[in-house]
Amino acid sequence: MKKRLPTIFLMILFAILMLNGYGVQRFPKPEFESGYLQPETLQPTSRAEILGMLDVIVLAVSMAVVTWLVLKKRSRTGVFWASLFSLAYFGFYRQGCICSIGAIQNITLAIFDSSYGLPLTAIAFFILPLIATLFFGRTFCAGVCPFGAIQDLVSFKPQKLGTRLNTVLGLIPYIYLGLAILYAATKSDFIICRYDPFVGIFRFNASFGMFIFAGTLLVSGIFIARPYCRFLCPYGVLLNWISRFSWKHMTITPTTCIQCRLCEDSCPYDAIDMPVTDKNPESRSTTIRKLILICFLVPFLTVLGGWTISRMHETLAGVNGKVSLARTLLQPEKPTDQPEQVEVTAFKSSGIPAARVYAEASVVLKHFYIGSWVLGCFLGLAFGLTLAFRMVTTYQPDYTPNKGTCYSCARCVDYCPVGGNELTPDKT
Amino acid sequence: MPAATADCLTVAGSLKQTGTALTGHCKKPKQLMEDPGNNQKINRRRFLAAGVRGSVLLGIGGVAALVVKNSAAGQMVWQLNPAKCIQCGRCATNCVMSPSAVKCVHVYAMCGYCDLCGGYFKPETKTLNTGAENQLCPTSAIKRKFVEDPFFEYTIDEPLCIGCGKCVKGCSSFGNGSLQLQVRHDRCQNCNHCSIARNCPADAFSRVPAGEPYLLRQVADDKKA
């Protein structure tokens, strides 16, 4: 007992010291005698919230103006100036954030993470263009989206790519959209923002890799008009599908197509559907055979896609921070000269048990398994439907803009010789 | 069929103007009007399109209703929690801004006004003066000013600060922890997904309401005691 006494005494002393330590600074604040006034710690605030509402108003007004310019005024010049304004405001002034394309991820995160506080501006930026497109076609792409505007400026010598190439490259946005939603839903990453090519240009501070990416897009954009919009933009997938059912859509001719073929080469985006007026339509048996093929092919591709991508769910999950931390922690420690990874150091100093990280990572992996099935099925369905649309021949008499891929830029309008306001032949 | 005739005349008129002779195509609108099957088809297609349009509108409304429960009244901004920060130095290199929007912030209320400041001087400094060789800060962004014996005031020259966190590490190891890294919102672009947050090894970054955009520690926590 006597031997233990000093130990107990020391422990009590230590406990008192510890208690004292709480809330007390290592070096107490001095009591100044010279009348020194302690300065305030400045806390500059962020951009005023009212300006966020202003962005939404500017978005709504510019969409209304562009829609009016395209559908009513049928003025390419007007759309051009409107797109310059959008480039200046949403691009260089607002520096590309928040944008409708990136808002997909905010919305997805809000659906899957109840703790995430979704700004109202993000909801507005996501939903307003979708509604406008549902009624008037993709006028948002024509003159409001700063990404479209900057690419539109450089498309000097647009070349035709041909239907096949357009269809194949047009599948990339589905992959991008699917991955973006998967990563946002699993709280892993915002890949649309991470690989946003133009935001670095708007901010004049692109990293080398992103500068090369943006440069490639803009230089190739001279010959392939709007490469990002057509072959990457994930928001474009939504707009494309919604626009197909739009209430009013811009037309090439104000009244009736006269098949003069003048507009045939006017579209830089290959978005004009040529007339298909076959006098001898394909036989009934061919049509039935095609229908049966489609009915088997689409579900098959859907399941095949789901199965294939679900095989890759562990690779896809590597992006998630928790999964990668768990993997690093699980790695057998090798006696190397390399210093410990800073993630591991941070984790050790945080005092969280490793078992919790493993448990969390396995939950994330499960989410990725389900998510990759959904992603795969979605991609399979998209590929299958694209194939199906390629097989089906749609008969139509006139030159019309393809409601899905047309950006309503109104270039073709200038090529149409049919006057809009003439009601009688005498009135000129 | 007055409408079709008028159309044909318009077409013919405009063709005359452009000098193209493709009058044969004038038959087309007439055909469309006369063919009842074709007409029906268009109606059916229109009906279907209207149906789909309605359901898409419902779908958009559904998504909006789903997310509106999460909607924050105001903007969210990024901020780092000094209690979690391990001063790894990535704030200086991973921000989209150059120099970084993360800066060292001095909470004067916590400062001990030490002569031997762990945030100002390099560990093995012999003489406590403002010589460049003594300073921990790589950009000399901390200004040391004599107040009264033996106290010194330290202020951050924010335009010079690159947010490397070297001084923060020094202050929290040897001092009161009054130097803390914070996202300065006059510089922060408030990216949708913060580039530093993605690379932060300590998971110190989070979205906070724009109304209270700072997470400064005002008193020493138990870790420092």
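Arg261(A) has a relative accessible area of 51% and is exposed, because exposed means over 50%. Its side chain takes part in a salt bridge with Glu264(A), where the closest N and O atoms are 3.2 Å apart. Glu264(A) has a relative accessibility of 16% and counts as buried, because the limit for buried is under 20%. The model described here is predicted.

The average pLDDT of chain A is 88, and 91% of its residues score at least 70. Among the elements of this chain, the highest mean pLDDT, 96, belongs to helix H9 (residues 172–185), and the lowest, 56, to helix H1 (residues 4–21). In residues 17–23 of chain A the pLDDT is below 50, and this stretch has four contacts in the model beyond near neighbours in sequence. Another stretch of chain A, residues 422–428, stays under 50 as well, and the model gives it ten contacts beyond four places in sequence.

The largest one has 102 residues, and the members that touch the most others are Ile101(A), Leu118(A), Phe126(A), Phe140(A), Phe198(A), Tyr228(A) and Tyr235(A). Helix H5 of chain A, residues 120–136, contributes nine residues to this core, the most of any element. Domain 1 (52–277 + 402–413) and domain 2 (284–330 + 347–391) of chain A each supply at least three residues to the core. Tyr228(A) shows what surrounds one of these members: leaving aside residues up to four places away in sequence, Tyr228(A) touches Ile101(A), Phe147(A), Gln151(A), Tyr176(A), Ile192(A), Pro197(A), Phe198(A), Leu217(A), Cys233(A) and Pro234(A). There is also a second, separate core of 34 residues, which includes Trp78(B), Cys91(B), Ala141(B) and Ala197(B).

A residue in a helix of chain A gives another view of the interior. Ser83(A) lies in helix H3 (residues 76–93). Its relative accessibility is 2%, so Ser83(A) counts as buried. Beyond four places in sequence, Ser83(A) touches Ala142(A), Gly143(A) and Ala149(A).

Chain B has six helices and seven strands. Along the sequence they follow the pattern α-α-α-β-β-α-β-β-β-α-β-α-β. Of its 225 residues, 48% count as buried. Among the contacts in chain B with a separation of 6 or more, 70% come from residues 24 or more positions apart.

Where do the two chains meet? The interface involves 78 residues of chain B in contact with 78 residues of chain A. Together the chains bury about 6,500 Å², and 61% of this is on carbon and sulfur atoms. On the chain B side, Arg53(B), Asn70(B) and Asn192(B) lose the most area to chain A, together 10% of what that side buries.

Side chains of opposite charge can pair when their charged atoms come close. The rule finds two salt bridges across the interface of chain B and chain A. In one salt bridge, Glu343(A) meets Arg90(B) at 3.0 Å, N to O. Asp189(A) and Arg198(B) form another salt bridge, at 4.0 Å. This pair crosses between chains, from Asp189(A) in the loop between H9 and helix H10 (191–194) of chain A to Arg198(B) in helix H6 (residues 195–199) of chain B. Asp189(A) has a relative accessible area of 2%, so this residue is buried. Arg198(B), with a relative accessible area of 26%, is partly exposed.

Over all chains the structure holds 13 salt bridges. One of them joins the side chains of Lys160(A) and Asp270(A), at 3.6 Å, N to O. These two residues are 110 residues apart and link distant parts of the chain: Lys160(A) sits in the loop between helix H7 (146–154) and helix H8 (163–169), and Asp270(A) in the loop between helix H14 (234–243) and strand E2 (272–273) of chain A. The relative accessible area of Lys160(A) is 45%, so this residue is partly exposed. Elsewhere, salt bridges link Arg76(A), Asp152(A), Arg226(A) and Arg411(A) in a network.

Key:
Residues are numbered from 1 along each chain as its sequence is written. Chains are lettered from A and ligands numbered from 1 in the order in which they are written. This is a predicted model: local features need pLDDT of at least 70, side-chain atom pairs count only at pLDDT 80 or more; totals for chains, interfaces and linings use all residues. Side-chain values use heavy atoms; hydrogens and water are left out. pLDDT is the predictor's confidence in each residue, from 0 to 100. Helices (H or I, at least four residues) and strands (E, at least two) are DSSP runs, numbered from the N terminus. Contact means heavy atoms within 4.5 Å. A nonpolar core is a set of buried Ala, Val, Leu, Ile, Met, Phe, Trp, Tyr and Cys residues joined through side-chain atoms within 4.5 Å. Buried means under 20% relative accessible area, exposed over 50%, partly exposed in between (1.4 Å probe, protein chains only). Domain bounds come from an automatic or database domain assignment. Buried area is the accessible area (1.4 Å probe) that two parts lose on being put together, summed over both.
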